[in-house]
Each structure stands twice: as structure tokens, then as C-alpha cells.
Amino acid sequence: MHVRLVASVQLKARFKSTMKALDIRQIADLSGVTPSALRYYEKKGLIQPVGRNGLRRQYHENVLNKLQLIALGQAAGFTLDELAAMFGSQAGVTIDRGLLLQRAKEIDATVRKLQLLSRGLKHAARCTQPEHRHCEEFKRVVAKGLRLVG
């Protein structure tokens, strides 16, 4: 019995020593996410501390990967609540593939609009007509642009 207990304690101690905990300032410095944002993410259920060292929250170093996913999700237009729902599972990230496809379609539509606007601006910059209102291409670009914003 004594041998098993000692082995168990040693195993737990070894496991804890391989798990690297970083305090909130270290996570902020490494990720570029402010401590106040980290606390907000915690409140929203996106990340969890592993404990405290005095008054400072401690996070497992793998929280840095989750922060990258959060940044990517936000860049793709997902809200923190949507991301929290995806991160809700203890087993890992639950991916709503339909939601991802819908967001990808929205991004594709935005890219098409921006490309059209870019072509219009480039044409206007290079147009050889003395006045843009006399340029047929410019008129087409303006008409397409008005449909984009309307």
C-alpha cells in the first residue's frame, strides 16, 4: 500500500512539473491579449485558469493556442458567444460546420465586393477621359458600386 501511494504521489508530481503554468502577465505578453481581455474571456467561458499564485491568475500554456483560435474566430466575424459555444465542450472544440460554411460564404461575398471596388478605383485612377462622367467604364463601375452598397 505504501509503495503504491508513493508511486502515485511521484507520478502526480511529475505530471504537474511537465504542465507549465504561466501567470496572466506572461500570457498577456506572449499573446498580445491584455490582462483585462483575458479576464473577460474567462468570464465568457472561453478560457479557464488552473489556479492562482498570490493574486495572479495562472493559466496552462495551452491557453495560448486557444487565444489564437479566438483571434482567428474574431477575424472571421464570430462573436465571443459563438466561440464560447464552440469551445463549450470539455473534450475539445465543437465545430458547427454549417456555421463555418455560412461565414465562409459571407467572407467570399465581401471579398468579391472589395475586388470590384478596387478595380473601380484603379480604373478611375488610370482613366484617360478628361472627366470621369464621360467614361463608359466609369459609369459601369459606379452603377455596380451602387448595387453593392444598396
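**View 1. Asp23 and its partner across the sheet.** Asp23 stands opposite Gln58 in β3. The model shown here and in the views below is predicted. Strand β3 covers residues 56–60, and its pairing with β1 is antiparallel. Three bridges join β1 and β3.

**View 2. The three-stranded sheet.** The sheet is open, and its strands run in the order β1-β3-β2. Pairing is antiparallel. β1 (21–23) and β2 (51–53) form the edges. Each has a single partner strand, so one side of each lacks a neighbour in the sheet. From one strand to the next, the twist averages 45 degrees. Strands of a sheet pair through backbone hydrogen bonds, in either a parallel or an antiparallel sense.

**View 3. The second largest pocket.** This pocket has a volume of about 240 Å³. It is lined by 14 residues. Leu72, Gly73, Phe78, Met86 and Leu100 are the closest to its centre.

**View 4. Make-up of the pocket lining.** Helix α6 supplies the largest share of the lining of the second largest pocket, with four residues. By residue class, this lining holds 12 nonpolar residues. One polar residue and one charged residue complete the lining.

**View 5. Confidence along the chain.** Mean pLDDT for the chain is 81. A pLDDT of 70 or more is reached by 80% of the residues. Among the elements of the chain, helix α3 (residues 35–43) has the highest mean pLDDT, 95. Helix α1 (residues 2–18) has the lowest, 42.

View 6. The pLDDT is below 50 over residues 1–17. Beyond near neighbours in sequence, this stretch makes zero contacts in the model. Helix α1 spans residues 2–18.

How values were computed
Residues are numbered from 1 along each chain as its sequence is written. This is a predicted model: local features need pLDDT of at least 70, side-chain atom pairs count only at pLDDT 80 or more; totals for chains, interfaces and linings use all residues. Side-chain values use heavy atoms; hydrogens and water are left out. On a 1 Å grid over the protein atoms alone, a cavity is a set of points where a 1.4 Å probe fits but cannot get out, and a pocket is an open set with protein on both sides within 12 Å along at least five of seven lines; lining residues have an atom within 4 Å of a point. Grid points are joined across faces, edges and corners, and a volume is the space filled by probe spheres set on the points. Helices (H or I, at least four residues) and strands (E, at least two) are DSSP runs, numbered from the N terminus. Ala, Val, Leu, Ile, Met, Phe, Trp, Tyr, Cys and Pro count as nonpolar, Asp, Glu, Lys and Arg as charged, and the others, Gly among them, as polar. Two strands pair if DSSP finds at least two bridges between them. Axes are lines fitted to C-alpha atoms, for helices over the stretch in contact, and angles run from 0 to 180 degrees between N-to-C directions. pLDDT is the predictor's confidence in each residue, from 0 to 100. Contact means heavy atoms within 4.5 Å.
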